[in-house]
Amino acid sequence: MTVTAAIVLAAGEGTRMRSSMPKVLHQFAGKTFLERVMASVGALEPATLAVVVRHQGERVAQEALAHDPDALIVHQDEIPGTGRAVQCALAELGQDGVPDGPIVIVASDMPLLDADTLESLLDYHRTSGDDATVLTTVLDDPTGYGRIIRDHDGDVLKIVEQKDANSSELAVHEVNTSVYVFEGKVLKEAIADLDADNAQGEFYLTDALKAAKDSGKVGAFAAPDALRVEGVNDRVQLAALAKAYNLRVCEAWMRRGVTILDPANTWIEDDVTIGRDAVILPGSFLQGSSVISKGAVVGPYTTLIDAVVDEGATVERSRVQSSHIGAHATIGPWAYLRPGNELGRESKAGAFVEMKKAHIGNGTKVPHLSYVGDADLGEHTNIGGGTITANYDGVHKNHTTIGSRVHIGAGNLFVAPVEVGDDVTSGAGSVIRHDVPDDAMVYSENAQHVVDHWKPAWERD
């Protein structure tokens, strides 16, 4: 069904998060609360998507517009409450009159709210003929939530916030999720006379349901999955929700043929892709849009951020960001691949190797204790331990090129810009400042001096 408008409530400070950052900008599985909620609401294709901001409003508005440049930003005034937020939004939406049709209202602190749940709510609203419909769920522990109070026929009578509830109302386990559908004209009338006569001294949107019931029919739709509509008020709830959701994500990948030895200690974000027969070992964090191909082994204790790991590759105890690891390559342990690396088939970045914007050819090995930055290495080249490409001259990042089938001795230093040809061998400890042609041997002399019977100054007579 057509959604006339959607209103995302993102004005609150979220004081219980104890944070200098607005609650809606906290991260959940790699995306902010606001981004996730806007994506779900946007999937309904509303004619207008309004985001109401107040606390650090410019910062929240910037995040909203980064996700959807067409979003309507509504600034709530100093009058507090969700009811006031909707009043401000309707004033913007209704400059030419409040639009007819359903208006969806959602809180922005529900990071798992999904489009399927919203579609089900809308379908129920349409088929039931309600003037207003609230999305509810039943919780074992409803502490902190507004309670759904029904009449003898099971219809919604009112919603009572916890601070305003009596003992019998507090015993109710069906709670308000802060997601609603109102018919446009009903919503306009329902919020017209809101007041702040409550424990919080705020304009409650829940009071609008009582007003809507006086003039029409108010229904409730129970969310089929309570996890999808769980809100986050503090960091304890955030951690618990993130853990519960991540276990579902891991289980889904395991059922698709991925081995995850310890789901409780493996974290996988939503946009990650994993191939069949891949193995994810404990302590791994798979983030962003990382792609792990079939048969690859990741971990233990590995972080991938927007990385691509091809078939059969191994990444152990390493951090890899925005890099491409070729088939059957070996990374780690304790490698650090900064953005922009491209490693070929059967290549290696070994223990305590750091790379940045390095292109490593097929079969080329950088076994250990080396830094390769802003460099191109050909195929089947071996880099001796302790080798460094000195790419920064204080102003520019300069480039190093090393050809194929090259054997670099231990402890070499390449002072970029410099180019080394194919089939070159370098001596240990060489400082290479100038280009080297193909089929050459290169070394730099560092004379060794021995001082017999030497003692430090404090031991001398």
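Reply: Start with Glu316. Glu316 counts as partly exposed, at 29% relative accessibility. The model is a predicted one. Arg317 is partly exposed too, because its relative accessibility of 27% lies between the cut-offs of 20% and 50%. The side chains of Arg317 and Glu316 meet in a salt bridge, with 3.8 Å from N to O.

The count of salt bridges comes to 18. Another of them joins Glu354 to Arg338. Here the closest N and O atoms are 2.8 Å apart. This pair links distant parts of the chain, 16 residues apart. Glu354 lies in strand β28. Arg338 lies in the loop between β25 and β26 (342-343). Glu354 is partly exposed, at 25% relative accessibility. Arg338 is partly exposed as well, at 24%.

Strand β28 covers residues 354-360 and also holds Ile360. Ile360 is buried, with a relative accessible area of 4%. The C-alpha atoms of Ile360 and Gln287 are separated by 24 Å. Along the chain these two residues are 73 residues apart.

A further salt bridge runs between Lys217 and Asp130. The closest N and O atoms are 3.7 Å apart. Again the pair links distant parts of the chain, 87 residues apart. Lys217 sits in the loop between α7 (206-215) and β11. Asp130 sits in the loop between α4 and β7 (132-138).

Now the rings. The whole structure has 3 aromatic pairs. One of them is Tyr124 with Phe221. Their ring centres are 5.4 Å apart, and their planes stand at 40 degrees, so the pair is tilted. Tyr124 belongs to helix α4 (residues 115-128), and Phe221 to strand β11 (residues 218-222). The pair therefore ties together parts that are 97 residues apart in sequence. Tyr124 is partly exposed, with a relative accessible area of 31%. Phe221 is buried, at 17%.

Tyr180 and Phe182 form another pair. The centres of these rings are 6.1 Å apart. Their planes are at 45 degrees, so this pair is tilted as well. Both partners are buried: Tyr180 has 3% relative accessibility, and Phe182 has 0%.

Charges also meet rings. The charged end of Arg256 sits over the ring of Trp253, 4.5 Å from its centre. The charged end of Lys397 does likewise over the ring of Tyr392, at 5.4 Å from the centre.

Next, the surface. Trp334, Phe352 and Leu369 form a nonpolar patch there. Together they have about 350 Å² of accessible area. Trp334 is placed in the loop between β24 (330-331) and β25 (336-337). Trp334 counts as partly exposed, at 43% relative accessibility.

Last, the cysteines. A disulfide is a covalent bond between the sulfur atoms of two cysteines. This structure holds 0 disulfides. Cys88 is buried, with a relative accessible area of 11%. Cys250 is buried too, at 0%.

Conventions. Residues numbered from 1 in each chain as written. Predicted model: local features only at pLDDT ≥ 70, side-chain atom pairs only at ≥ 80, totals over all residues. Heavy atoms only, no water. Phe/Tyr/Trp six-rings, centres within 6.5 Å; stacked < 30°, edge-to-face > 60°. Helix = DSSP H or I, 4+ residues; strand = E, 2+ residues; numbered from the N terminus. Buried < 20%, exposed > 50% of the residue type's maximum accessible area, 1.4 Å probe, protein only. Lys NZ or Arg CZ within 6 Å of the ring centre and 35° of its normal. Patch = residues over 30% accessible without salt bridge, like charges linked within 9 Å, V, L, I, M, F, W, Y side chains within 5 Å. Areas by Shrake-Rupley, 256 points an atom, 1.4 Å probe, with all protein chains shown as cover. Salt bridge = Lys/Arg side-chain N within 4 Å of Asp/Glu carboxyl O. Disulfide = S-S within 2.5 Å.
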